[in-house]
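Got the sequence and the 3D view open? Let's take a quick walk through a few helices and a couple of residues.

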Amino acid sequence: MSYEAYRRPLTPVVRAAYRLEVRGIERVPADGSLVVVANHESILDPFILSASIPRPIRYLAKSELWNVPLLPWWLASVEAIPVERGKSDVAAIAQAIAALEAGEVVGLFPEGGVMRREGPWLRGAARMALATGTPILPVRLLETRRALGSRSFGFPRLAALIGEPISVSRTAPTPELARELTDLLQEVVEELGT
């Protein structure tokens, strides 16, 4: 099965279960490559993001998920890209860049995992956008930790706030440029509101 084969039937279920409000859907480009980034508070976030963005998304996901029984076949069917966390995974970045150059959408959570603390975001999304000249679509997910967090489970009303795409010029992704763009992106997502 493909990403769309899962997304289409699951989207109405996710939207109904969490009374998901999506603001800014008109800001999602209908075609062309796109880097979608969002804050990350729950393991539900990829499902909420997929129910909010009406395009197939190739997610970067932690490589440890490929060690969980039954998950590798599903991750392969949705064309997820495994990434080794805690280091610069050149192979994962190269695979994501190839997807972007093919006009696809790549999604990731620059916090590097479900966050429980404040801190700077990782630069992977910025590196990919700079290397390909791909716009970045900022998204803020609200209340997902209450839906499924370390000490919570429920069905609160959730929201996805989609910002204006950030235009990026194709250039060599130096660490300095990637950090500058990442800081801007983090600020934009955090300021999207409640």
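Here is a short briefing, grouped by topic.

This is a predicted model, where local features need pLDDT of at least 70, side-chain atom pairs count only at pLDDT 80 or more, and totals for chains, interfaces and linings use all residues. Residues are numbered from 1 along each chain as its sequence is written, and side-chain values use heavy atoms, leaving out hydrogens and water.

Helices (H or I, at least four residues) and strands (E, at least two) are DSSP runs, numbered from the N terminus.

**Helix 1 and helix 2**
- Two packed helices are described by the angle between their axes and the distance between the axes.
- For helix 1 (residues 3-17) and helix 2 (residues 45-52), the axes come within 9 Å and cross at roughly 95°.
- That makes helix 1 roughly perpendicular to helix 2 (the label covers 65 to 115 degrees; under 35 is roughly parallel, over 145 roughly antiparallel and the rest oblique).
- Axes here are lines fitted to C-alpha atoms, for helices over the stretch in contact, with angles from 0 to 180 degrees between N-to-C directions.
- On the helix 1 side, Y3, R7, T11, V14 and R15 meet F47, I48, S50, A51 and S52 of helix 2; contact means heavy atoms within 4.5 Å.
- The residues of this contact split into five nonpolar, three polar and two charged (Ala, Val, Leu, Ile, Met, Phe, Trp, Tyr, Cys and Pro count as nonpolar, Asp, Glu, Lys and Arg as charged, and the others, Gly among them, as polar).

**Helix 4**
- Which residues of helix 4 are buried? They are A92, I93, A96, I97, A99 and L100 (buried means under 20% relative accessible area, exposed over 50%, partly exposed in between, with a 1.4 Å probe and protein chains only).
- Looking down the axis of helix 4, the buried residues fall within an arc of 160°, so they line one face of the helix; the arc is that of the directions from the helix axis to the C-beta atoms.
- On the other side of helix 4, V90, A91 and E101 are exposed.
- The buried residues of helix 4 pack against several elements, including strand 3 (57-62) and helix 5 (124-132).

- D45 lies in helix 2 and is buried, with a relative accessible area of 0%.
- Leaving aside neighbours within four places in sequence, D45 is in contact with N39, H40, F109, L141 and T144.
- T182 sits in helix 7 (residues 175-190) and counts as buried at 2% relative accessibility.
- With neighbours within four places in sequence left aside, T182 is in contact with W121, L122, R123 and A126.
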